[in-house]
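Keep the structure open next to you while you read.

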Amino acid sequence: MTGGFEQTSAAAGLDSGYSTTQSPQATQSPQANESPLATQDSTAPRGSTLTQGHMATRMSPVTSTLETTPFQNFSGYQIGVGRADCTGQVADITLMGYGKSGQYARGILTRLYSRAFIMAEPDGSNRMVFVSIDIGMVSQRLRLEVLNRLQMKYGSLYRKDNVILSGTHTHSGPAGYFQYTLFVIASEGYTNRTFEYIVSGIVQSIEIAHTNMKRGRILINKGNVDGAQINRSPYSYLQNPQSERARYSSNTDKEMIVLKMVDLNGDDLGLISWFAVHPVSMNNSNHLVNSDNMGYASYLFEQEKNKGYLPGEGSYVAAFASSNLGDVSPNTLGPHCINTGESCDNPNSSCPIGGPNMCIAMGPGQDMFDSTQIIGQIIYQKAKELYASASQEVTGPLASAHQWVNMTDVTVWLNSTHTAKTCKPALGYSFAAGTIDGVGGLNFSQGAMEENPFWDTIRNQLLGSPSEEIKECHKPKPILLHTGEMLRPNPWHPEIVDVQIITVGSLAITALPGEFTTMSGRRFREAVQAEFASYGMQNMTVVTSGLCNVYTHYITTYEEYQAQRYEAASTIYGPHTLSAYIQLFRALAKAIATDSVANLSSGPEPPFFKQLITNLIANIVDRAPTGKTFGDVLQPLEPKYRVGEVAEVTFVGANPKNSAENRTHHTFLTVEKYEATSQTWQIVHNDASWETRFYWHKGLLGQSNATIQWHIPETAQPGSYRIRYLGHYRKQDFLRPAVILSFESTSSTFEVVTT
């Protein structure tokens, strides 16, 4: 039965983790085809164990640089950390996250990185990989290609069950690396240039970690972060039972979890932090690629630990990973009408004059750059405190479990007698409204509960009408886009979704394939922790790691779903999505706790589409103005600047996307200081430095300018400086293929003074 009061109360019971009823039947077919990634042929390494539908997690490494030691003499882990550039192109591509038309990349504020952490048992036989990537979200296409390349290089060492890929959820990274049609359209086409750049960066970070493994220890610490977040859908949160809300002091999760990794001498190796906040301090007016507030926290921590190195260099790696951030905003001043200044903290996030498009959250800084630094600094500071005081050691074996699941057809057991089903994907009207962090722009309102004949007619004419089945399944969501029934040119949304847990001793890292809201995350963690405990694994710390492996939008509670604000309208598998995930992840937890992972079915393999809509922005030849050449200075620097001022120079430019193909240069700029003692120029900043900004100004017929700014910090030493511009231009001779050639240019020398 799926009706009325019984459904509401039963769903709340399961979602809350209060029910201990087990599903009496599997939620996917055991006859599903096995992925080629899940099994190995006769070339599998000696010592591996092959099982039907699953690769056992204990096996000998293929290639290894592990320091071997007897297990009984060493209780820690083998640990490897690695970081690699995954920025992609920084021009002629849409930024991924806000879905705002015209928000193209036009330069760079900070580089984007993939940060990989490998943890192995002392003898190296069993290992886990966690990768945090400065991108909006991990796409299924990215994950499948990364796993494919890891398999080609390492055999069965790194697999779908023991590798988690997690996006930080910055909204200022390039799009274009997706395969499902809705995301391809949002990206304005697929871009292999950026896809390849991100894939190679992820793989390289894992390779670096793999080759630098050493014996070490992992310490864990937890603490609350204040002043860095608000709930952006408080009226949805209030739909949850009062008795449940009373158990928590806040409508956001304030807890930060920190893993501290050190070698056996106590020397620092790396850090992973999980904290729930949207990286949207940089708003949808931004055009510079950057890693937002979480990336700024990583930047500060790595600069602190890698003293003397430029950003992106040095051996220490600090990842600030995403968590259940679905309804959590960093814009702590809250929503206000930008035309009148009055609060618009209401159920529809709408203003009396101008409607929902005027309701935008700000803060806490004077502008988005300032806000990014303030929030990032708060997060960094708490992580630094927790890191310094960490004393509880993580010990115990490693394990992992993974399944592919058809999320459109999961039978959810609400209790021992009642079931419900997940739905084919669909987006509600409030999806088009956007959020207070970035409005949709078409005057849709959050909390829409009824269809609109105007928009329905347009949709029906262009995309067809949603079936009665999908409308009934998603109630009370009024369906705007019935994506689960839209299959051309490829399916618009994924059906096959990864569910995955890796455990490191008493720590369980759950790989969430989307954005869980605050209460969803709480119910989920509680249910998974209880499942572990019921099978003998007591006091597990369950981490909700967000935006992992495949993107499926949002996951609200059943009660929040009834309010149909943006997050609920974007819960694409229907009102019982959270219940389904709780049920599926409990099954993984049980399998790990009972050592029966090998009995899990692998599930139906996801597709990898060959034909995709490609980005329509043409690759045209770069041209310099008559009498000029690439890198010529158009607007020179002043001869002298004080600290706190901005040094700015403009050059004849070329399209920066060329640098994602020809990587002769690894930065678009350097700020260099003259050292008189050695009579050399020393690089003090690159384009990964927060103090620098690279703006690209696109002109006509292949002409463009590049402006470089250095926001001179108070810590700058007085002396002589210069700025260099490093780029690539596209050239094509008659009847010859295009080539991409590098160039570089240097500004005039200028002085920096302190007073």
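C337 and C351 form a disulfide, with their sulfur atoms 2.2 Å apart; a disulfide here is a pair of cysteine sulfur atoms within 2.5 Å. This pair links distant parts of the chain: C337 sits in strand β16 (residues 334-337), C351 in the loop between β16 and β17 (359-362), and they are 14 residues apart. Helices (H or I, at least four residues) and strands (E, at least two) are DSSP runs, numbered from the N terminus.

A quick word on what you're looking at: this is a predicted model, where local features need pLDDT of at least 70, side-chain atom pairs count only at pLDDT 80 or more, and totals for chains, interfaces and linings use all residues. Residues are numbered from 1 along each chain as its sequence is written, and side-chain values use heavy atoms, with hydrogens and water left out.

**The disulfides**

How many disulfides are there by this rule? The count comes to 3, and here they are side by side.

| Pair | S-S distance | Torsion about the S-S bond | Handedness |
|---|---|---|---|
| C337 and C351 | 2.2 Å | -110° | left-handed |
| C344 and C359 | 2.1 Å | 95° | right-handed |
| C423 and C473 | 2.0 Å | about -90° | left-handed |

C337 and C351 are both buried, and buried means under 20% relative accessible area, with exposed over 50% and partly exposed in between (1.4 Å probe, protein chains only).

Now for the pair with 95° about its S-S bond, C344 and C359. C344 lies in the loop between β16 and β17 and C359 in strand β17, so this link ties together parts that are 15 residues apart in sequence. Both C344 and C359 are buried.

Then there's the link between C423 and C473, with sulfur atoms 2.0 Å apart. It joins distant parts of the chain, 50 residues apart: C423 is in the loop between β21 (419-421) and β22 (427-428), and C473 is in helix α10 (residues 468-474). C423 is buried, with a relative accessible area of 1%, while C473 is partly exposed at 25%.

If you number the bonded cysteines of the chain in sequence order, the pairing reads 1-3, 2-4, 5-6.

**The annotated site**

UniProt, in an unreviewed entry, places the feature "active site" at S329; UniProt positions are given in the numbering used here, feature names are shortened, and annotations may be inferred rather than shown by experiment. S329 is found in strand β15 (residues 328-329). Is S329 buried or exposed? S329 is buried, with a relative accessible area of 0%.

Leaving out residues up to four places away in sequence, S329 touches A228, Q229, I230, R232, V277 and D437, where contact means heavy atoms within 4.5 Å.

**A strand on the inside**

Finally, look at strand β19 (residues 398-406): 9 of its 9 residues are buried, so the strand is largely enclosed by the rest of the structure. Both faces are covered, with L398, S400, H402, W404 and N406 on one side and A399, A401, Q403 and V405 on the other. Strand β19 runs antiparallel to β26 (residues 496-504), and 9 bridges join the two. Two strands pair if DSSP finds at least two bridges between them. N406 has I496 as its bridge partner in β26.
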